[in-house]
Amino acid sequence: MINFQYFTPTKVVFGRDTEKQTGELVKAEGCRKVLVHYGGKSAVKSGLLDRICRSLEKAGVGYVTLGGVVPNPRLSMVHEGIALCRKEGVDFILAVGGGSVIDSSKAIGYGVANEGEVWDFYDKSRNPKACLPMGAVLTIAAAGSEMSNSSVITNEDGWLKRGLNNDLCRCRFAVMNPELTYTLPAYQTASGCVDIIMHTMERYFTREKDTMLTDGIGEALMRTVMDNAGILMEDPENYDARAEVMWAGSLSHNGLTGCGTEGDWACHQLEHELSAAWDVAHGAGLAAVWGSWARYVYREMPERFAQFAVNVCGVTNRFSNPEQTALEGIRRMEDFFRSIGMPVSIGEMGIILTDEKIRELAHKCSFFGTRTIGAFKKLDEKDMEEIYRAAR
């Protein structure tokens, strides 16, 4: 187990009707004016936005609103939010939505609190020194951004999708009512479940060996999401299943499942180029590349994949043949993805990858030939090409 720091300052308010507490939670932060940031029609049509605004009014908190966040949130919306916040004197941001809204809110928070171009923080040419405080009312269980230190933004100039990890952006509070996820389409629910599982997988596939407790937590979380994802495909208004998945989403990305490990994150980096180019759902993109990545790297430490196969996927342990066990686990995980309607190849998302496009994706993913990705197996630009090619 390697040295680690575990920091989770976000207050979680979980359960039915908890969104009614939002006004008082914001008021307790001592702010003067709030930006209520949200996505599209769902928050308005469901009445959630009205309930949130009434809660703020009841608490005597002033606010302005900005909607229109799309999946794979755009830098142009971030710029719009920064300008609005500065004009209105906003000193707190309330994200009402899922990971895209929360990530957009974090980027706005960085932009308001620091001088210069906010994209500099995402392309790693500068580091932020501050971020506006923020909270979240979660409507989609997936990204875990409500408790994480990360945000991901897409720059339309070149369609570059880049992430930033910094504790400055962590939410002060997260309001989590599983009932708010009842109306999600099955595809979006399934994509969210894959995203949650992958956040733990990225930490689980480590070369560290003495991580028994962290492994056990991660394995239980992945099994929980797999079991409840199946329930939600049949019964989307099952409160208990929604609650299990929502809580798993937060725990999967708040650092808990990676304590003492070195995360890999190669699949996320590979997928970012897909969703930047074709705007695919993040979880679906992850499902599409994971099997090809796994088969490309598992020989580095087949016993780790064998452990995953047995403890997560229920494969019978073949002690004399860990590679066979590992491959069966990879196959079963892909079967799970299929069972909830997720793709296991890029082509299944309707994307035709030419050799030229594969080279372009790998070149962007390698930051134009300047970096490798992954820790379980370090991948250079040629390795990335091979994985994209196998996944097409």
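Guide: A helix here is a DSSP run of H or I at least four residues long, a strand is a run of E of at least two, and both are numbered from the N terminus. One caution: this is a predicted model, where local features need pLDDT of at least 70 and side-chain atom pairs count only at pLDDT 80 or more, while totals for chains, interfaces and linings use all residues. Residues are numbered from 1 along each chain as its sequence is written, and side-chain values use heavy atoms, with hydrogens and water left out.

Visitor: Why does E271 count as buried?

Guide: Buried means under 20% relative accessible area, exposed means over 50%, and partly exposed is in between, using a 1.4 Å probe and protein chains only. E271 has 0% relative accessibility, so it counts as buried.

Visitor: Which residues does E271 touch?

Guide: Leaving out residues up to four places away in sequence, E271 touches K161, V280, A281, H282, G285 and L286. Touching, or contact, means heavy atoms within 4.5 Å.

Visitor: Is E381 buried or partly exposed?

Guide: E381, found in helix α15, has a relative accessible area of 22%, so it is partly exposed. Beyond residues up to four places away in sequence, E381 touches R359, A362, H363, S366 and G369.

Visitor: Which residues of α15 are buried?

Guide: In α15, residues 381–391, the buried ones are D383, M384, E385, I387, Y388 and A391. They pack against α10, α11 (282–297) and α14 (355–365).

Visitor: What makes D380 a cap for α15?

Guide: A side-chain oxygen of D380 lies 3.1 Å from the backbone nitrogen of K382, at the N-terminal end of α15. For a polar contact, a pair of N or O atoms must be within 3.5 Å; within protein, one must be able to donate a hydrogen and the other to accept it, and residues adjacent in sequence count only if both atoms are side-chain atoms.

Visitor: Why are α7 and α10 called oblique to each other?

Guide: The axes of α7 (residues 186–204) and α10 come within 9 Å and cross at roughly 135°. Axes are lines fitted to C-alpha atoms, for helices over the stretch in contact, and angles run from 0 to 180 degrees between N-to-C directions. Angles under 35 degrees count as roughly parallel, over 145 as roughly antiparallel, 65 to 115 as roughly perpendicular and the rest as oblique. That is why α7 and α10 are oblique. Where they meet, D195, M198, H199 and E202 of α7 face A266, C267 and H268 of α10.

Visitor: And what makes α7 roughly antiparallel to α8?

Guide: Here the packing angle is about 170°, with the axes of α7 and α8 (residues 212–234) 10 Å apart. So α7 is roughly antiparallel to α8. Among the residues making this contact are I197 and M201 of α7, with L221 and M222 of α8.

Visitor: What is in the largest nonpolar core?

Guide: A nonpolar core is a set of buried Ala, Val, Leu, Ile, Met, Phe, Trp, Tyr and Cys residues joined through side-chain atoms within 4.5 Å. The largest one has 101 residues, and W290, W293, F305, F308, M333 and I346 touch the most other members. Its largest share, 9 residues, comes from α11. Apart from it lies another core of 22 residues, among them V13, V36, Y38 and V137.

Visitor: Why does T325 count as buried?

Guide: T325, in helix α13 (residues 322–339), has 0% relative accessibility, so it counts as buried. Residues it touches include A306, A309 and V310.
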